[in-house]
Amino acid sequence: MSFDSLAFFIFLPITVLLHWAMPQRWRWTVLLAASYVFYAWWNIGLSLLILSVTLTSYIAARTLETTKTSGARKFWLILTLIISLGLLAYFKYFNLLGSTAAAIASMFGGSGTYEIKDILLPVGVSFYTFQALSYVIDVYRGRLHAERHLGYYALFVSFFPQLVAGPIERAGDLLPQIRADRVFHQTDVQAGFRLLASGFFRKIVIADMLAPIVNTVYNAPNPDGAAVLIGTVLFGIQIYCDFAGYSEIAAGSARLLGIHLMRNFNQPYAAVGIRDFWRRWHISLTGWFTDYVYIPLGGSRHGLRRQMIATVIVFALSGLWHGAAWSFVVWGLLHGFYMTVELLLKRAWKTASTRFQLPTGRHPRLTRWGGRSLMLVCVFFAWIFFRAGSIGHALALINALFSPWVWQSSMLVSTIAAQQGSLKLLFVLLLCMLPLLTLLPKLTDVSTIGNRLSDMTWVYFILCIGLAWIIRLHSGGANAFIYFQF
């Protein structure tokens, strides 16, 4: 079930009402049943997959806590990793591994042919697999006690707001909230609706409006450099609004149930540098790789060379996590390269400042804007590999970007022209609604809306969403959340 579907608009209020109507001791059953219905909406058979991940990690954690010998504990941890990552590899990477093996075989005289298998990719499999693994690893490390209540733990793995596209929650944060005796608060309802309004605004009003233009540029056989530049910039805005919008809808839905999810985005395009960008973008995934891959590889504790190797490995794995294509790995390696260069430059500047007693902080504003501009160039350039269908496609787009520009009016301009009917209608209707916003406080209960500008902003968001929804239904332009494929 997708957040932007009519089914979800019926499903969410029913779930919220049933949850709060139930006695505390039975609320988890409502949420667990709702979560499995939510996931089974795509394919009922795939519920068995999430159930198998749940049971495997639950049994492993209970066994790890009762096993005292280090060898046996390592065995159970490795077995859990093999089973969980093996399932993930089969469903997500089987065809990639097969086609890559065939390509390598062709280099040594093999046939080089591989028949793509029709394997259904379970929605959100990367998210809930990583969430379950983090729980098992934390129990192995002694940071958590294994959850004894199978129902609570099953809800932790399958909690529907963040099930298919995160954020990747930690058991230490989410499980106590599931077990707690939650009390209904009006502030949670207000915060939940505001998060929902903001998330749907990002997704439906911005991301879905940009999608047709981006798709036309990246699906064109020979786009010109100007089109590639505009399409890539718009894709950077689209993917941010799409994914951040999902995260806000997830947080808003959970808040209506009295549960607080972590913040997954914090104005990433306002970052100063690549490291700062990754502190703000997909925060839950960055934290996961930091705690369970980067630090075990040595992190920054064993010298610069070890730190650089660990950084590159983490970003290569992050790229592979995002999709079963080598273009995603290249995208990850680019960010790993950016991070290592930034690390070297910072170390060199620190050494030079100490040696030559250079003044620091003389131009903080200039430094911030310079770092922000360079970050945007690097991040948006890497988006080409993320959005392109293959490495060859990405290289062709980059070649067009750095070739002499010849404007092809038959492509990008025609795309904008085809969409301008919907865009004009949305723009005109929004302008017409502005006077109505000043009248709404007089027509509505002041205790509910009030005269504050912030309240009117959220009303304005909701009206925009409604108009965009009508336009989308009229044009048939619904777009699935981008991160559903990961």
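## Overall fold

Among contacts (heavy atoms within 4.5 Å) between residues at least 6 apart in sequence, 75% join residues at least 24 apart. The protein has 17 helices and zero strands; helices here are DSSP runs of H or I with at least four residues, strands are E runs of at least two, and both are numbered from the N terminus. Buried residues make up 49% of the 486 residues, where buried means under 20% relative accessible area, exposed over 50%, and partly exposed in between, with a 1.4 Å probe and protein chains only.

Residues are numbered from 1 along each chain as its sequence is written, and side-chain values use heavy atoms, leaving out hydrogens and water.

The mean pLDDT, the predictor's confidence in each residue from 0 to 100, is 82 for the protein. Helix H6 (residues 150–158) has the highest confidence, at a mean of 95, and helix H16 (residues 412–443) the lowest, at 54. Over residues 439–453 the pLDDT is below 50. Where pLDDT is low, the predicted coordinates should not be read in detail.

## The nonpolar core

A nonpolar core is a set of buried Ala, Val, Leu, Ile, Met, Phe, Trp, Tyr and Cys residues joined through side-chain atoms within 4.5 Å. In the largest one, with 118 residues, Tyr135 and Trp383 touch the most other members. Helix H9 (residues 225–256) gives this core its largest share, 14 residues. Beyond its neighbours within four places in sequence, Trp383 has contacts that include Tyr218, Phe235, Trp281 and Trp331.

## Salt bridges

There are nine salt bridges in the structure, each a side-chain nitrogen of Lys or Arg within 4 Å of a carboxyl oxygen of Asp or Glu. One of them pairs Asp188 with Arg255, with the closest N and O atoms 2.8 Å apart. Asp188 lies in helix H8 (residues 186–219) and Arg255 in helix H9, so this pair ties together parts 67 residues apart in sequence. Both Asp188 and Arg255 are buried.

Lys203 and Asp242 also form a salt bridge, at 2.9 Å from N to O. Lys203 is in helix H8 and Asp242 in helix H9, so parts 39 residues apart in sequence are tied together. Lys203 is buried at 0% relative accessible area, and Asp242 is buried at 2%. Through shared partners, salt bridges join Lys203, Asp208 and Asp242 into one network.

How values were computed: Predicted model: local features only at pLDDT ≥ 70, side-chain atom pairs only at ≥ 80, totals over all residues.
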